[in-house]
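Take a look at the sequence and the model below. This report walks through its charged pairs first, then its strands.

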Amino acid sequence: MISRSSLSLLVASALFGGAGAFGANAQTTTPSGPGAAANDTGLGGAIDQKLILSPAQRTAIYDQVSKDKSKVAPKDFSPVIGADVPPMIELYSLPDEAVAGIPAAKLYKYTMVENKVVLVDPTKMRVVDVIGPPPSH
């Protein structure tokens with residue numbers, strides 16, 4: 001015969017175990033519904049939102065990258081943060097001197113468009129930042 005405390009433990013286990021499983025199922029099915037793109041919280045989504053550069057870092061990247069005039073994208077590509085980068089745009093690794101002290105920036109690639117450095121998340125092929133010439137240039 002099962003004691004009253006054992007029965008209570010079994011009932012509680014069944015109730016809470018079932019509720020936990022139901023909660024997990026509800027969470028895993030939500031992203032596939034309407035608005036799923038707005039809930040993109042994958043690792044790639046986290047990376048492309050985390051690059052925050054100080055004005056000095058932006059200037060350092062611009063100064064290093066703009067020295068090489070050969071790495072320019074076609075003029076018909078209009079870079080806007082969050083925009084998809086067409087596959088025909090060639091991307092380049094940021095020079096070590098440009099990302100010294102900015103480890104997060106090493107994950108990104110770049111191209112030049114109309115005298116601006118366009119930083120791209122190469123895994124999602126999306127523009128994450130556009131760095132124009134500093135005011136002193």
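## Salt bridges

Lys71 and Asp68 join their side chains in a salt bridge, with N to O at 3.2 Å. This is a predicted model. Lys71 has a relative accessible area of 22%, so this residue is partly exposed. Asp68 is partly exposed too, at 27%.

How many salt bridges does a search of the whole structure find? The search finds three. Side chains of opposite charge can pair when their charged atoms come close.

Another salt bridge brings together Asp84 and Arg126, again with N to O at 3.2 Å. This pair links distant parts of the chain. Asp84 sits in the loop between α3 and β1, while Arg126 belongs to strand β4. They are 42 residues apart. Is Asp84 buried or exposed? With a relative accessible area of 53%, Asp84 is exposed, because the cut-off for that label is over 50%. Arg126 has 29% and is partly exposed.

Asp129 lies in strand β4 (residues 126–131) and Arg58 lies in helix α3, so the pair ties together parts that are 71 residues apart in sequence. Asp129 has a relative accessibility of 8%. Buried means under 20%, so Asp129 counts as buried. Arg58, at 25%, counts as partly exposed.

Where is Ser66 found? Ser66 is in the loop between α3 (55–65) and β1 (92–93). Its relative accessible area is 11%, so Ser66 is buried. The side chain of Ser66 reaches back to the backbone oxygen of Tyr62, at 2.7 Å.

## The sheet

Now for the strands. Four of them form an open sheet, in the order β1-β2-β3-β4. The pairing is antiparallel. Which strands are at the edges? They are β1 and β4, and each pairs on one side only. Strands of a sheet pair through backbone hydrogen bonds, either parallel or antiparallel.

Strand β3 (residues 116–121) is mostly covered. Five of its six residues are buried.

## Pairs and hairpins

Start with β2 and β3. They pair in the antiparallel sense over five bridges. Thr111 has Val118 in β3 as its bridge partner. The two strands form a hairpin with two residues between them. In this hairpin, Glu114 takes a positive phi near 45°.

Move on to β3 and β4. Five bridges join these strands, which run antiparallel. What is the bridge partner of Val120 in β4? The partner is Val127. Leu119 stands opposite Asp129 in β4. The hairpin of β3 and β4 has four residues between the strands. Met125 lies in this turn and has a positive phi of about 55°.

Terms used: Residues are numbered from 1 along each chain as its sequence is written. This is a predicted model: local features need pLDDT of at least 70, side-chain atom pairs count only at pLDDT 80 or more; totals for chains, interfaces and linings use all residues. Side-chain values use heavy atoms; hydrogens and water are left out. Buried means under 20% relative accessible area, exposed over 50%, partly exposed in between (1.4 Å probe, protein chains only). A polar contact is a pair of N or O atoms within 3.5 Å; within protein, one must be able to donate a hydrogen and the other to accept it, and residues adjacent in sequence count only if both atoms are side-chain atoms. A salt bridge is a side-chain nitrogen of Lys or Arg within 4 Å of a carboxyl oxygen of Asp or Glu. Two strands pair if DSSP finds at least two bridges between them.
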